[in-house]
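Here are some brief notes on the fold, to be read beside the coordinates.

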Amino acid sequence: MTGYKSALAIVAGALAAVLAPPAAMVPSAWAAEHLIVPDGPRSGSKWDRSLTPYVPEIIDAFGPDSETTFGVVRKSQQTGVSVAGIGLLGYYIDAAPARLSYAAPTIDQLQEFNREKLSPVLEQTDVLRAKVKGQTSRSATGSTTTSKRFPGGSLVLINANSTKDLRSKTLKVGVADEIDEWADDLDKQGDPLDLYLGRFTAFHATGDWRLLALSTPTLTGSSRVDRLYLAGDQRLWKVRCPHCGEEFHFEFKGLKFNRKAPYEAHYVAPCCGTIIEHHEKATLVRAGRFVPTNSDGLYPSWHIDALISQLTTWDHIAEAWWNAQGNDTNLKAFYNLWLGLSFEMRGDAPDHEKLYARRDQDLEENRIPPRGLLLTAGADVQHSGIWVEVVAWAPDRQSWTVSARWLDGDTDVPNAGAWLKLASVYDERFPDAFGRMREIDAMAVDAGDGGRSNQVYTFARGRARAFAIYGIDGWTRPAIGTPTQVDITLAGKRIRRGATLWPVGTWPLKGDFYSYLRKPGRADGADADPPGYCHFGRFLDLNYFKQITAEYLGEEKFKGRTRRRWMPSREDNHLLDCRVYATAMAEYLGLSRMTAEQWAQVASLRGVPVELAEPDLLAPDPVKIAAAPAHMPPSEPTENTDNAPAPQSQPQHSDDGYFDERVEDFW
């Protein structure tokens, strides 16, 4: 009888083991077993945690059994971190269904995420394909482009620029992507991240809500992800020195490389100075771990950059560094996209008197210089007249003010007053250095807050080379954005086909312009005028230089937070706006996109002599009518004399071809 009971107990135990639910699987284990990667070098294959060893801790921190409710990742590009959000959402769809969400800055980014990442994952990952209802379903329970339905829950894609999207959902688990690109104030209803956080309030009492925020940072003092990262426990991925065993975090200042290819990038360990070659990086990174560096942190915060990424190389980082020299926007992109750091942009205005003193007596008003292959204009409309500047551009972004004018006259009536004078500028043909007459390639006219929008639309509608524009705030805005059609009403009559209105990202363009104004050229004793150098003729008066330097980068309190934005230091800053608008037109025409061969074609069409119209247009000019080579090596980094702190110490190139010194800034 005893033996019978023992056998029964054994059978009962076996049945209990079979019928009992399996042990909970953490998100990273689920991803390794099920998740099919949508893009990158392992597209179509299962996710390999060894390629991104820093991702498992992040997504496991947001599992159902974790105590973490909120956390943030400050990241660079080329790190594979985007899979963290996808893996987390996939885990919840399969293992712990709930009301889920993914929020992105714009509808375009949402559509791209759905098309390039989410849909491939849902289609190729077996357990997800079996659960998520298809978009072709005619049932009201079927999925749509922005709503994926599955048993027990749904995944909604949210446009962070839509108050309707942010206010109308009750959510339990969410991913907030690229939060630095979210608006500071959405329709005057507050910070969109705060609105998004409000969707999780229903689960505050139970403590089982989860929100992962991640982003590439932008500008120091304005970066949302930077601020959130610093308020957290600031986890850094640390590796052990292969020589002495001490732990350290890879930093850019420890990366040494040549000035040009082959860069032979390698790392010097800060502990004992041992040399770490690039081929050793993968082993060290895979054996690394996150270490919190801020004991007062309110929540987990992680930093991940390209230095530890196995998706790129140290040589590519070196190349990106050199390509960024000489331009604040490029340097900002390097810090943001490769180092995952915010960038400290210099905020003081250049000295207008020094700019006035360096004017070139050889430049003639209303004449296009030899290297000015593009000709653009920007116009700022006032009630009593219109300011306009005409600018010529070279392939290396050197610029020449061809004309700066005040067009006096009323602007309330289209096709009258100052508008007739602006039409004359639009139609004007300017002589170039080769005996040809050229018209303005593109003219931007501000239709912003000046109360003359309808008049601007009327002016632009009938002129193919005129663009109605409006300036938009923000450090991530492109120079020229996606246009919209606007209806206009004049004298109570609605025009059937509205004008086209183009957004212009003014903040980065002003930063670029001020960095170019600070560059020393031949007038300052330099051997050549560098890329981006701004040329001015003696026909420009002191008021012109006061206007173009009439703003500075200051801090303001906005919705209880501090942000950096351009602020006026003088009342008149109209010509600064004109230059920004003219620059946006140059970008629209391809200033930053065209190759040397394409520039050569433009030069040929402009009637430039054959010796300047070859693909080596950017090389030194043999007939000495071009100002400087455009592919000159970057200038040597020097110490900042204005005491503006840099976001990270930057290396200086030494005579032996390697970086070996630290400097506090690069300006």
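1. This is a predicted model. Start with helix α18, residues 574-589. Helix α18 lies across β14 (374-382), β15 (385-393), β16 (399-408), β19 (442-446), β20, β24 and β25. Its angle to β14 is about 140°.

2. Now the sheet. Eight strands form an open sheet with mixed pairing. The order is β21-β24-β20-β19-β14-β15-β16-β25. β21 (484-486) and β25 (534-535) stand at the edges. Each has a single partner strand, so one side of each is left without a neighbour in the sheet.

3. Strand β20 (residues 466-472) and strand β24 (residues 499-505) run parallel and are joined by five bridges. Tyr 470 stands opposite Pro 503 in β24.

4. A further helix lies on this sheet. Helix α16 (residues 506-517) lies across β20, β24 and β25. Helix α16 runs at about 55° to β24.

5. Is helix α15 (residues 453-461) mostly covered or mostly uncovered? Mostly covered: seven of its nine residues are buried. They are Ser 453, Gln 455, Val 456, Tyr 457, Thr 458, Phe 459 and Ala 460.

6. Finally, a helix pair. The axes of α11 (residues 314-323) and α12 (residues 328-337) come within 9 Å and cross at roughly 155°. The two helices are therefore roughly antiparallel to each other. Their crossing is left-handed. From α11, the contact uses Ile 317, Ala 320, Trp 321 and Asn 323; from α12, Asn 330, Leu 331 and Phe 334. Five of these contact residues are nonpolar, two are polar and none is charged.

Note on methods: Residues are numbered from 1 along each chain as its sequence is written. This is a predicted model: local features need pLDDT of at least 70, side-chain atom pairs count only at pLDDT 80 or more; totals for chains, interfaces and linings use all residues. Side-chain values use heavy atoms; hydrogens and water are left out. Two strands pair if DSSP finds at least two bridges between them. Helices (H or I, at least four residues) and strands (E, at least two) are DSSP runs, numbered from the N terminus. Contact means heavy atoms within 4.5 Å. Axes are lines fitted to C-alpha atoms, for helices over the stretch in contact, and angles run from 0 to 180 degrees between N-to-C directions. Buried means under 20% relative accessible area, exposed over 50%, partly exposed in between (1.4 Å probe, protein chains only). Angles under 35 degrees count as roughly parallel, over 145 as roughly antiparallel, 65 to 115 as roughly perpendicular and the rest as oblique. A crossing is left-handed if the near helix is turned anticlockwise from the far one by less than a right angle, and right-handed if clockwise. Ala, Val, Leu, Ile, Met, Phe, Trp, Tyr, Cys and Pro count as nonpolar, Asp, Glu, Lys and Arg as charged, and the others, Gly among them, as polar.
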